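Let's take a walk through this model, going from ring to ring and then on to a few helices and side chains. Keep the viewer open as you read.

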Amino acid sequence: MCKMATTKSFLILIFMILATTSSTSATLEDVVTILSIDGGGIKGIIPGVILEFLEGKLQELDKNRDARLADYFDVIGGTSTGGLITAMITTPNENNRPFAAANEIVPFYFQHGPHIFNSSTGTFLGPSFDGKYLLQILEDNFGETRLHQALTEVVISSFDIKRNKPVIFTKSNLTNYPELNATMYDICYSTAAAPTVFPPHYFVTNTSNGDTYEFNLVDGGVASVGDPALLSVSVATKLAEEDPAFASIRSLNLKKMLLLSLGTGTNSEFDKTYTANETAKWGYFQWKSVIPPMLDASSSYMTDYYLSTVFQALDSQDNYLRVQENALTGTTTDMVDASVANMDLLKQVGKNLLKKPVSKDNPETYEQALTRFAQSLIDRKNLRANKASF
(Lines give C-alpha, C1' and ligand atoms only; values in the text may rest on other atoms or scores of the structure.)
Protein backbone atom coordinates (compact mmCIF):
# COMPACT_ATOMS: atom_id res chain seq x y z
CA MET A 1 0.00 0.00 0.00
CA CYS A 2 2.79 2.43 0.91
CA LYS A 3 4.69 1.49 -2.24
CA MET A 4 1.60 2.14 -4.38
CA ALA A 5 1.09 5.55 -2.75
CA THR A 6 4.70 6.54 -3.36
CA THR A 7 4.55 5.40 -6.98
CA LYS A 8 1.36 7.38 -7.49
CA SER A 9 3.08 10.49 -6.11
CA PHE A 10 5.89 10.05 -8.62
CA LEU A 11 3.44 9.66 -11.51
CA ILE A 12 1.70 12.86 -10.44
CA LEU A 13 5.04 14.68 -10.49
CA ILE A 14 5.84 13.35 -13.95
CA PHE A 15 2.42 14.46 -15.20
CA MET A 16 3.08 17.92 -13.79
CA ILE A 17 6.38 18.07 -15.66
CA LEU A 18 4.73 17.17 -18.94
CA ALA A 19 1.96 19.68 -18.34
CA THR A 20 4.12 22.58 -17.25
CA THR A 21 4.04 25.74 -19.35
CA SER A 22 5.40 28.12 -16.73
CA SER A 23 7.95 30.77 -17.50
CA THR A 24 11.39 30.54 -15.92
CA SER A 25 12.00 34.28 -16.14
CA ALA A 26 11.19 34.94 -12.46
CA THR A 27 14.03 36.47 -10.50
CA LEU A 28 15.88 34.90 -7.58
CA GLU A 29 13.65 36.71 -5.09
CA ASP A 30 10.79 34.44 -6.24
CA VAL A 31 12.64 31.21 -5.43
CA VAL A 32 10.87 28.96 -2.89
CA THR A 33 13.20 27.31 -0.37
CA ILE A 34 12.52 23.95 1.32
CA LEU A 35 14.36 22.01 4.01
CA SER A 36 13.47 18.37 4.69
CA ILE A 37 14.80 16.18 7.53
CA ASP A 38 14.40 12.39 7.70
CA GLY A 39 13.39 10.24 10.63
CA GLY A 40 15.88 7.97 12.39
CA GLY A 41 15.84 8.23 16.18
CA ILE A 42 19.19 9.03 17.75
CA LYS A 43 20.65 9.18 14.23
CA GLY A 44 19.16 12.68 14.11
CA ILE A 45 22.63 13.68 15.31
CA ILE A 46 23.84 13.33 11.70
CA PRO A 47 21.54 15.99 10.18
CA GLY A 48 22.13 17.99 13.36
CA VAL A 49 25.82 18.24 12.44
CA ILE A 50 24.93 19.21 8.85
CA LEU A 51 22.52 21.92 10.00
CA GLU A 52 25.10 23.33 12.39
CA PHE A 53 27.51 23.68 9.47
CA LEU A 54 24.86 25.25 7.24
CA GLU A 55 23.67 27.77 9.81
CA GLY A 56 27.27 28.66 10.58
CA LYS A 57 27.86 29.35 6.88
CA LEU A 58 24.72 31.48 6.70
CA GLN A 59 25.95 33.54 9.66
CA GLU A 60 29.42 33.87 8.18
CA LEU A 61 28.41 34.75 4.61
CA ASP A 62 25.48 36.95 5.61
CA LYS A 63 27.61 38.63 8.30
CA ASN A 64 24.90 38.08 10.88
CA ARG A 65 25.65 36.02 14.01
CA ASP A 66 21.95 35.95 14.86
CA ALA A 67 20.93 34.36 11.54
CA ARG A 68 18.80 31.24 11.92
CA LEU A 69 17.67 28.57 9.47
CA ALA A 70 14.03 29.63 9.75
CA ASP A 71 15.01 33.04 8.35
CA TYR A 72 15.95 31.44 5.02
CA PHE A 73 13.54 28.55 4.42
CA ASP A 74 9.91 28.96 3.36
CA VAL A 75 9.05 25.35 4.27
CA ILE A 76 10.73 23.07 6.80
CA GLY A 77 9.50 19.47 6.96
CA GLY A 78 10.43 16.57 9.20
CA THR A 79 9.35 13.11 10.30
CA SER A 80 10.05 11.48 13.66
CA THR A 81 13.45 12.75 14.85
CA GLY A 82 13.37 15.09 11.84
CA GLY A 83 10.06 16.43 13.14
CA LEU A 84 11.69 17.15 16.49
CA ILE A 85 14.51 19.06 14.78
CA THR A 86 11.94 20.93 12.68
CA ALA A 87 10.15 22.03 15.84
CA MET A 88 13.40 23.05 17.54
CA ILE A 89 14.37 25.41 14.72
CA THR A 90 10.89 26.84 14.00
CA THR A 91 9.18 27.11 17.41
CA PRO A 92 9.52 30.67 18.75
CA ASN A 93 11.04 31.54 22.09
CA GLU A 94 10.02 34.51 24.25
CA ASN A 95 11.78 36.86 21.78
CA ASN A 96 9.96 35.36 18.80
CA ARG A 97 13.17 33.80 17.55
CA PRO A 98 13.77 30.07 17.03
CA PHE A 99 13.77 28.04 20.24
CA ALA A 100 17.13 26.53 19.30
CA ALA A 101 20.09 27.53 17.17
CA ALA A 102 21.44 24.75 14.96
CA ASN A 103 24.51 24.33 17.18
CA GLU A 104 22.18 23.34 20.04
CA ILE A 105 20.64 20.34 18.23
CA VAL A 106 23.44 17.83 18.78
CA PRO A 107 23.92 18.82 22.47
CA PHE A 108 20.16 18.27 22.93
CA TYR A 109 20.56 14.66 21.76
CA PHE A 110 23.58 14.11 23.98
CA GLN A 111 21.79 15.52 27.02
CA HIS A 112 18.43 13.82 26.59
CA GLY A 113 19.02 10.82 24.31
CA PRO A 114 20.23 8.46 27.09
CA HIS A 115 17.09 9.24 29.12
CA ILE A 116 14.67 9.02 26.17
CA PHE A 117 16.06 5.65 25.09
CA ASN A 118 16.33 4.11 28.54
CA SER A 119 15.58 0.38 28.29
CA SER A 120 14.71 0.14 31.98
CA THR A 121 11.48 2.06 31.37
CA GLY A 122 9.98 -0.41 28.90
CA THR A 123 8.19 -3.73 29.40
CA PHE A 124 8.88 -7.07 27.77
CA LEU A 125 5.48 -7.35 26.09
CA GLY A 126 5.01 -3.64 25.41
CA PRO A 127 6.98 -0.90 23.64
CA SER A 128 10.71 -0.71 24.29
CA PHE A 129 10.40 2.66 26.06
CA ASP A 130 7.50 4.24 27.92
CA GLY A 131 7.97 7.66 26.28
CA LYS A 132 7.34 9.58 29.50
CA TYR A 133 10.69 11.33 29.54
CA LEU A 134 10.40 12.25 25.87
CA LEU A 135 6.94 13.76 26.30
CA GLN A 136 7.98 15.61 29.45
CA ILE A 137 11.10 17.15 27.95
CA LEU A 138 9.11 18.26 24.89
CA GLU A 139 6.46 19.85 27.08
CA ASP A 140 9.08 21.52 29.26
CA ASN A 141 10.82 23.05 26.25
CA PHE A 142 7.90 23.96 23.97
CA GLY A 143 5.28 24.73 26.60
CA GLU A 144 1.87 25.62 25.19
CA THR A 145 3.23 26.95 21.89
CA ARG A 146 0.97 25.81 19.07
CA LEU A 147 1.43 25.08 15.40
CA HIS A 148 0.11 28.43 14.21
CA GLN A 149 2.98 30.17 16.03
CA ALA A 150 5.74 28.42 14.05
CA LEU A 151 8.11 30.93 12.46
CA THR A 152 7.77 29.47 8.97
CA GLU A 153 5.63 26.87 7.23
CA VAL A 154 6.26 23.46 8.79
CA VAL A 155 5.36 19.98 7.57
CA ILE A 156 5.35 17.30 10.27
CA SER A 157 3.81 13.91 9.53
CA SER A 158 2.08 11.36 11.73
CA PHE A 159 -0.47 8.57 11.33
CA ASP A 160 -3.85 8.24 13.06
CA ILE A 161 -4.35 4.56 13.90
CA LYS A 162 -8.03 5.04 14.76
CA ARG A 163 -8.93 6.83 11.50
CA ASN A 164 -6.36 4.78 9.56
CA LYS A 165 -4.95 7.74 7.65
CA PRO A 166 -1.95 10.08 7.71
CA VAL A 167 -2.11 13.36 9.59
CA ILE A 168 0.04 16.16 8.20
CA PHE A 169 0.56 19.12 10.52
CA THR A 170 1.04 22.30 8.46
CA LYS A 171 0.26 25.93 9.23
CA SER A 172 -1.32 26.38 5.82
CA ASN A 173 -4.02 23.81 6.60
CA LEU A 174 -5.23 25.47 9.79
CA THR A 175 -7.87 27.62 8.09
CA ASN A 176 -9.65 24.57 6.77
CA TYR A 177 -8.70 22.21 9.59
CA PRO A 178 -8.34 24.19 12.84
CA GLU A 179 -8.21 20.94 14.81
CA LEU A 180 -4.62 20.56 13.54
CA ASN A 181 -3.55 23.52 15.70
CA ALA A 182 -2.07 21.27 18.36
CA THR A 183 0.73 22.07 20.79
CA MET A 184 4.20 21.56 19.37
CA TYR A 185 4.99 19.02 22.08
CA ASP A 186 1.98 16.89 21.14
CA ILE A 187 2.95 17.07 17.47
CA CYS A 188 6.59 16.20 18.20
CA TYR A 189 5.82 13.21 20.38
CA SER A 190 3.28 11.92 17.85
CA THR A 191 5.66 12.01 14.89
CA ALA A 192 8.28 10.17 16.98
CA ALA A 193 5.95 7.49 18.43
CA ALA A 194 7.27 4.59 16.37
CA PRO A 195 5.31 1.38 16.96
CA THR A 196 7.18 -1.02 19.30
CA VAL A 197 9.51 1.82 20.34
CA PHE A 198 7.14 4.31 22.07
CA PRO A 199 3.44 4.12 22.95
CA PRO A 200 1.01 5.83 20.55
CA HIS A 201 -0.08 9.32 21.57
CA TYR A 202 -3.62 10.40 22.41
CA PHE A 203 -4.63 14.05 22.74
CA VAL A 204 -7.55 16.29 21.86
CA THR A 205 -8.01 19.66 20.19
CA ASN A 206 -11.08 21.58 19.06
CA THR A 207 -12.80 22.01 15.71
CA SER A 208 -14.06 25.34 14.37
CA ASN A 209 -17.40 24.58 16.07
CA GLY A 210 -15.71 24.06 19.42
CA ASP A 211 -16.27 20.30 19.31
CA THR A 212 -13.61 17.98 20.70
CA TYR A 213 -11.39 16.34 18.10
CA GLU A 214 -9.44 13.23 19.11
CA PHE A 215 -6.06 12.14 17.81
CA ASN A 216 -4.55 8.64 18.20
CA LEU A 217 -1.16 9.03 16.54
CA VAL A 218 2.00 7.10 15.77
CA ASP A 219 5.23 7.83 13.89
CA GLY A 220 4.94 9.57 10.53
CA GLY A 221 7.12 6.82 9.04
CA VAL A 222 4.02 4.60 9.12
CA ALA A 223 2.57 6.95 6.51
CA SER A 224 5.56 6.08 4.27
CA VAL A 225 7.20 9.47 4.77
CA GLY A 226 10.40 8.54 6.57
CA ASP A 227 11.96 10.90 4.04
CA PRO A 228 9.50 13.84 3.97
CA ALA A 229 11.09 15.68 1.02
CA LEU A 230 8.40 14.70 -1.49
CA LEU A 231 5.70 15.61 1.02
CA SER A 232 7.32 18.99 1.68
CA VAL A 233 7.49 19.73 -2.04
CA SER A 234 3.80 18.79 -2.33
CA VAL A 235 2.85 21.22 0.44
CA ALA A 236 4.86 24.02 -1.20
CA THR A 237 3.26 23.26 -4.57
CA LYS A 238 -0.20 23.42 -3.03
CA LEU A 239 0.65 26.77 -1.46
CA ALA A 240 1.52 28.08 -4.93
CA GLU A 241 -2.20 28.25 -5.66
CA GLU A 242 -2.93 30.31 -2.54
CA ASP A 243 0.12 32.31 -1.46
CA PRO A 244 1.78 34.86 -3.82
CA ALA A 245 5.15 34.11 -2.20
CA PHE A 246 4.94 30.59 -3.70
CA ALA A 247 3.46 31.57 -7.08
CA SER A 248 6.72 31.08 -8.97
CA ILE A 249 6.56 27.27 -8.58
CA ARG A 250 3.13 26.86 -10.13
CA SER A 251 3.13 23.98 -12.62
CA LEU A 252 6.18 22.68 -10.76
CA ASN A 253 8.66 25.27 -11.98
CA LEU A 254 11.60 23.65 -10.22
CA LYS A 255 14.02 26.28 -11.50
CA LYS A 256 12.42 28.42 -8.82
CA MET A 257 12.74 25.90 -6.00
CA LEU A 258 15.71 25.15 -3.75
CA LEU A 259 15.33 21.83 -1.93
CA LEU A 260 17.74 20.58 0.73
CA SER A 261 17.00 17.05 1.98
CA LEU A 262 18.91 15.61 4.94
CA GLY A 263 19.06 11.90 5.69
CA THR A 264 19.96 10.08 8.91
CA GLY A 265 22.05 7.41 7.22
CA THR A 266 21.40 3.97 5.75
CA ASN A 267 22.95 0.59 6.46
CA SER A 268 25.59 -0.93 4.21
CA GLU A 269 26.77 -3.84 6.38
CA PHE A 270 27.15 -7.14 4.56
CA ASP A 271 25.65 -9.08 7.47
CA LYS A 272 22.49 -7.00 7.11
CA THR A 273 21.92 -8.16 3.52
CA TYR A 274 20.60 -11.55 2.45
CA THR A 275 20.60 -13.98 -0.46
CA ALA A 276 17.63 -15.76 -2.00
CA ASN A 277 19.00 -19.09 -0.77
CA GLU A 278 19.28 -17.81 2.80
CA THR A 279 15.71 -16.54 2.89
CA ALA A 280 14.01 -19.26 0.82
CA LYS A 281 12.53 -20.95 3.87
CA TRP A 282 12.01 -17.91 6.05
CA GLY A 283 8.65 -17.44 7.72
CA TYR A 284 6.85 -14.61 9.47
CA PHE A 285 9.21 -14.16 12.41
CA GLN A 286 12.39 -14.04 10.31
CA TRP A 287 10.93 -11.51 7.87
CA LYS A 288 9.38 -9.42 10.64
CA SER A 289 12.78 -8.28 11.91
CA VAL A 290 14.31 -7.40 8.55
CA ILE A 291 11.40 -5.86 6.63
CA PRO A 292 11.30 -2.52 8.58
CA PRO A 293 14.93 -1.54 7.88
CA MET A 294 14.53 -2.66 4.27
CA LEU A 295 11.42 -0.50 3.88
CA ASP A 296 13.18 2.46 5.50
CA ALA A 297 16.15 2.18 3.18
CA SER A 298 14.06 1.66 0.05
CA SER A 299 11.67 4.50 0.90
CA SER A 300 14.58 6.89 1.34
CA TYR A 301 16.26 5.71 -1.85
CA MET A 302 13.10 5.88 -3.97
CA THR A 303 12.10 9.36 -2.75
CA ASP A 304 15.56 10.61 -3.66
CA TYR A 305 15.33 8.83 -7.02
CA TYR A 306 11.95 10.41 -7.81
CA LEU A 307 13.07 13.91 -6.89
CA SER A 308 16.42 13.61 -8.64
CA THR A 309 14.65 12.45 -11.79
CA VAL A 310 12.18 15.33 -11.74
CA PHE A 311 14.74 18.05 -11.00
CA GLN A 312 17.08 16.71 -13.68
CA ALA A 313 14.24 16.45 -16.21
CA LEU A 314 13.59 20.16 -15.77
CA ASP A 315 17.30 21.04 -15.95
CA SER A 316 17.23 22.05 -12.29
CA GLN A 317 19.54 19.43 -10.78
CA ASP A 318 21.62 22.09 -9.00
CA ASN A 319 18.49 23.15 -7.08
CA TYR A 320 18.17 19.82 -5.25
CA LEU A 321 20.72 18.56 -2.74
CA ARG A 322 20.35 15.29 -0.86
CA VAL A 323 22.84 14.87 1.99
CA GLN A 324 22.94 11.22 3.02
CA GLU A 325 25.46 8.75 4.44
CA ASN A 326 24.93 5.38 2.77
CA ALA A 327 27.64 3.43 4.57
CA LEU A 328 26.63 3.23 8.23
CA THR A 329 28.11 0.28 10.09
CA GLY A 330 28.08 -1.19 13.58
CA THR A 331 26.16 0.58 16.32
CA THR A 332 25.58 3.67 14.19
CA THR A 333 22.83 1.74 12.35
CA ASP A 334 20.83 1.44 15.58
CA MET A 335 18.40 4.33 15.96
CA VAL A 336 17.87 3.74 19.70
CA ASP A 337 21.50 3.29 20.82
CA ALA A 338 21.99 6.48 22.82
CA SER A 339 25.21 5.46 24.51
CA VAL A 340 27.78 8.26 24.64
CA ALA A 341 30.16 6.13 22.57
CA ASN A 342 27.60 5.68 19.78
CA MET A 343 26.52 9.32 19.82
CA ASP A 344 30.17 10.31 19.46
CA LEU A 345 30.39 8.00 16.44
CA LEU A 346 27.26 9.53 14.89
CA LYS A 347 28.65 13.00 15.38
CA GLN A 348 31.84 11.94 13.61
CA VAL A 349 29.78 10.39 10.80
CA GLY A 350 28.21 13.81 10.22
CA LYS A 351 31.58 15.55 10.20
CA ASN A 352 33.09 12.99 7.82
CA LEU A 353 30.06 13.27 5.53
CA LEU A 354 30.77 16.96 4.98
CA LYS A 355 34.11 16.02 3.40
CA LYS A 356 32.69 13.37 1.06
CA PRO A 357 31.83 13.96 -2.61
CA VAL A 358 28.17 14.47 -3.42
CA SER A 359 28.20 11.58 -5.90
CA LYS A 360 30.44 9.55 -8.20
CA ASP A 361 29.61 11.99 -10.97
CA ASN A 362 30.01 15.10 -8.83
CA PRO A 363 33.38 15.54 -7.06
CA GLU A 364 32.07 18.58 -5.18
CA THR A 365 32.05 17.81 -1.45
CA TYR A 366 28.93 18.22 0.65
CA GLU A 367 30.74 21.02 2.46
CA GLN A 368 31.22 22.87 -0.83
CA ALA A 369 27.68 22.14 -2.01
CA LEU A 370 26.19 23.39 1.26
CA THR A 371 28.31 26.55 1.06
CA ARG A 372 26.97 27.18 -2.44
CA PHE A 373 23.46 26.43 -1.18
CA ALA A 374 23.92 28.88 1.70
CA GLN A 375 24.95 31.66 -0.67
CA SER A 376 21.84 31.06 -2.80
CA LEU A 377 19.67 31.26 0.32
CA ILE A 378 21.31 34.55 1.32
CA ASP A 379 21.01 36.06 -2.15
CA ARG A 380 17.32 35.16 -2.29
CA LYS A 381 16.66 36.57 1.19
CA ASN A 382 18.48 39.85 0.46
CA LEU A 383 16.69 40.35 -2.86
CA ARG A 384 13.34 39.90 -1.16
CA ALA A 385 14.33 42.33 1.57
CA ASN A 386 15.43 44.93 -1.00
CA LYS A 387 12.18 44.55 -2.93
CA ALA A 388 10.13 44.94 0.24
CA SER A 389 11.95 48.19 1.11
CA PHE A 390 10.75 49.94 -2.05
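Start with the aromatics: the structure holds 15 aromatic pairs. A pair here means rings of Phe, Tyr or Trp (its six-membered ring) with centres within 6.5 Å; planes under 30 degrees apart count as stacked, over 60 as edge-to-face and the rest as tilted. Tyr-189 and Phe-198 make a tilted pair, because their ring centres are 6.3 Å apart and their planes meet at 55°. Turn to Trp-282 and Trp-287 and you get an edge-to-face pair, with centres 5.1 Å apart and planes at 70°.

Before going further, a word on what you're looking at. This is a predicted model, in which local features need pLDDT of at least 70 and side-chain atom pairs count only at pLDDT 80 or more, while totals for chains, interfaces and linings use all residues. Residues are numbered from 1 along each chain as its sequence is written, and side-chain values use heavy atoms, with hydrogens and water left out.

Trp-282, at 23%, is partly exposed, and Trp-287 is partly exposed at 30%. Tyr-189 and Phe-198 also belong to one aromatic cluster together with Phe-117 and Phe-129.

One more ring deserves a look. The charged end of Lys-381 sits over the ring of Tyr-72, 5.4 Å from its centre; for that label, NZ of Lys or CZ of Arg has to be within 6 Å of the ring centre and within 35 degrees of the ring normal.

Now for the helices, which are DSSP runs of H or I with at least four residues, while strands are E runs of at least two, both numbered from the N terminus. Helix H4 spans residues 105-116, and its buried residues are Ile-105, Val-106, Phe-108, Tyr-109, His-112, Gly-113 and Ile-116. They cover an arc of only 145° around the axis, so they are on the same side of H4. That arc is taken from the directions from the helix axis to the C-beta atoms. Helices H2 (45-61), H3, H5 and H10 (340-354) are among the elements covering this buried side.

Another threonine, Thr-145, is in the loop between helix H5 (132-142) and strand S3 (153-160). Thr-145 is buried at 14%, and its side chain reaches the backbone oxygen of Phe-142 at 3.0 Å. Leaving out residues up to four places away in sequence, Thr-145 touches Thr-91, Pro-92, Ala-182, Thr-183 and Met-184, where contact means heavy atoms within 4.5 Å.

Finish at Arg-384 in helix H11 (residues 366-389), partly exposed at 25%. Its C-alpha atom is separated by 5.1 Å from that of Glu-29, 355 residues apart along the chain.

Key
Buried means under 20% relative accessible area, exposed over 50%, partly exposed in between (1.4 Å probe, protein chains only). A polar contact is a pair of N or O atoms within 3.5 Å; within protein, one must be able to donate a hydrogen and the other to accept it, and residues adjacent in sequence count only if both atoms are side-chain atoms.
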